[in-house]
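I opened my notebook to go through this one piece by piece. Here is what I looked up.

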Amino acid sequence: MADDTILKRTMAEEVADILRGRILAGRLKAGEPIRQEHVAKELGVSRIPLREALSQLAAEGFVTLAAHKGAVVAPLSLAEVEELFELRLMLEDGLLARAIPHMGEGDFAMLDALIDESRAPDGLKRWGELNWRFHEVMYLPAARPVTLKLLRRVHDNIDRYLRLEIAMSAEGRNRGYREHQELVELARARDIAGARKLLAKHITATAENLTATLKVRAET
């Protein structure tokens with residue numbers, strides 16, 4: 001595709017971004033092989049940057065690499081999903097506590113705008129992107145770029161599976177919007193303890209809903 005044409009200077013990163021996007025969008029599914037010859041031809045790159053891109057995605061947990069089998073989109077076990085949520089809670093709890101004292105009206109305005117955008121007609125289709133952007137804006141004032149980068153990868157890996165749930169009930173979506181708004185209000189009030197408590201509830205409820213869905217799918 002013309003949109004996927006690669007610029008020479010950052011080939012491996014560009015290829016990784018494209019393949020990661022396809023995995024997150026569900027165009028490449030868990031367990032599906034990545035046909036390297038086809039991808040290299042389609043994107044107009046050699047095998048070397050493609051291999052570098054796949055190594056990067058393997059390090060991020062998106063693909064697995066095996067001798068004589070090539071690259072395969074990595075599935076996540078239920079235990080791994082649960083661990084990712086535990087990691088997400090640990091990272092976000094610390095970031096939120098650090099961020100709240102440094103948040104200003106500009107931050108709150110951006111968060112309010114993102115909540116409104118997520119409620120727009122196309123919000124469900126863009127749910128993963130808008131959900132990450134909300135959390136990113138919330139935690140940027142913590143000034144912990146390395147932690148935030150790690151959290152982004154955790155969110156991306158979870159997001160592949162939350163898309164199964166994003167057909168979530170309207171009730172579940174409304175709960176998410178409501179809790180995002182409550183988090184902003186608690187942050188405005190500089191209520192760090194209250195915000196941390198709500199964040200734990202928000203993440204735990206999402207984890208429980210997703211793991212319940214995955215258990216049902218595993219049994220059918």
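Which residues of the largest nonpolar core touch the most other members? I noted first that this is a predicted model, where local features need pLDDT of at least 70, side-chain atom pairs count only at pLDDT 80 or more, and totals for chains, interfaces and linings use all residues. Residues are numbered from 1 along each chain as its sequence is written, and side-chain values use heavy atoms, with hydrogens and water left out.

**Entry 1, the cores.** I found Leu96, Leu111, Met138, Tyr139 and Leu183 to touch the most other members of the 38-residue core. A nonpolar core here is a set of buried Ala, Val, Leu, Ile, Met, Phe, Trp, Tyr and Cys residues joined through side-chain atoms within 4.5 Å; buried means under 20% relative accessible area with a 1.4 Å probe, protein chains only. Among the helices that each supply at least two residues are H4 (78-99) and H9 (192-219); helices are DSSP runs (H or I) of at least four residues, strands (E) of at least two, numbered from the N terminus. Apart from this core lies another, of 21 residues, including Val15 and Leu50.

I located asparagine 157 in helix H7, and it is buried at 5% relative accessible area. Beyond residues up to four places away in sequence, asparagine 157 touches Glu60, Gly61, Phe62, Leu76 and Leu84 (contact: heavy atoms within 4.5 Å).

I saw S1 (33-34) pair antiparallel with S3 (70-73) over two bridges; pairing takes at least two DSSP bridges. Strand S2 (63-66) joins S3 through four bridges, also antiparallel. In their hairpin, with three residues between the strands, histidine 68 takes a positive phi near 70°.

Conventions. Buried means under 20% relative accessible area, exposed over 50%, partly exposed in between (1.4 Å probe, protein chains only).
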